[in-house]
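This briefing sets out the principal structural features of the protein shown below. The points are grouped by topic.

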Amino acid sequence: MDSPDLLKIKIDEARSKMPEASRQAVDAVDWKDVIFNMRAEKGYSFTQLDSLEIETELMLCGLIEPEDYPKELATRMEIPRAQADELVEEMNQKVFQKMRAELVKIMEQERPLQ
């Protein structure tokens, strides 16, 4: 894996290339807080949560494909694949569905009136 600084640069660069509406939808959801709260809820270590945050941000910026997300979580967090799949489902419910809804709302606001 790249050094933290190089990874941050790659993420910032990929994020800058995202469509504005997508960036707004991602920023509208406090997904990092959801991840942090998993320490108490699920008992993940800070290292595991850091990995979850990084892999989530990589996916949101398009640096890893959504279909690779569960495998990357399992590898980086050192958890069984079944547990990673459950975590992805939880992230979907608590984060990604909210981002999707926010994106729809943004797109509807941007659509010109006819």
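In this predicted model, helix α5 buries Tyr 69, Pro 70, Glu 72, Leu 73, Ala 74 and Met 77. The cover over these buried residues of α5 includes α4 and α6. The secondary structure of the protein as a whole consists of six helices and zero strands.

**Helix α5 and the loop that follows**

- Just after α5, Glu 78 adopts a positive phi of about 55°, although Glu 78 is not a glycine.
- Glu 78 belongs to the loop between α5 and α6.
- With a relative accessibility of 71%, Glu 78 counts as exposed, whereas Met 77 of α5 is buried.
- Gln 48, a residue of helix α4, makes contact with Met 77, Glu 78 and Ile 79 when its neighbours within four places in sequence are left aside.
- Gln 48 has a relative accessible area of 18% and is therefore buried, the cut-off being under 20%.

- Two aromatic pairs are found in a search of the whole structure.
- One of them joins Tyr 69 and Phe 96 in an edge-to-face arrangement, with 5.9 Å centre to centre and 75° between the planes.
- Because Tyr 69 lies in helix α5 (residues 69-77) and Phe 96 in helix α6 (residues 81-110), this pair ties together parts that are 27 residues apart in sequence.
- Tyr 69 and Phe 96 are both buried.

**Helix α3**

- Helix α3 comprises 12 residues (31-42), and the distance from its first C-alpha to its last is 16 Å, close to the 16 Å expected at 1.5 Å a residue.
- The residues Trp 31, Val 34, Ile 35 and Met 38 are buried in α3.
- Viewed down the axis of α3, its buried residues fall within an arc of 100°, so they line one face of the helix.
- An α-helix has 3.6 residues a turn, so residues three or four places apart point the same way.
- Phe 36 and Ala 40, on the other side of α3, are exposed.
- The packing partners of the buried residues of α3 are α2 (20-28), α4 (46-60) and α6.
- After α3 comes Gly 43, with a positive phi near 80°.

**A charge over a ring**

- The side chain of Arg 39 lies over the face of Phe 46, at 4.2 Å from the ring centre.

**Overall architecture**

- In order from the N terminus, the elements of the protein run α-α-α-α-α-α.
- The C-alpha trace spans about 50 × 30 × 25 Å along its principal axes.
- The protein has 114 residues, of which 38% count as buried.
- Among contacts in the protein with a separation of 6 or more, 55% are between residues 24 or more positions apart.

Terms used. Residues numbered from 1 in each chain as written. Predicted model: local features only at pLDDT ≥ 70, side-chain atom pairs only at ≥ 80, totals over all residues. Heavy atoms only, no water. Phe/Tyr/Trp six-rings, centres within 6.5 Å; stacked < 30°, edge-to-face > 60°. Helix = DSSP H or I, 4+ residues; strand = E, 2+ residues; numbered from the N terminus. Buried < 20%, exposed > 50% of the residue type's maximum accessible area, 1.4 Å probe, protein only. Lys NZ or Arg CZ within 6 Å of the ring centre and 35° of its normal. Expected span 1.5 Å × (residues − 1). Arc of directions from axis to C-beta. Contact = heavy atoms within 4.5 Å.
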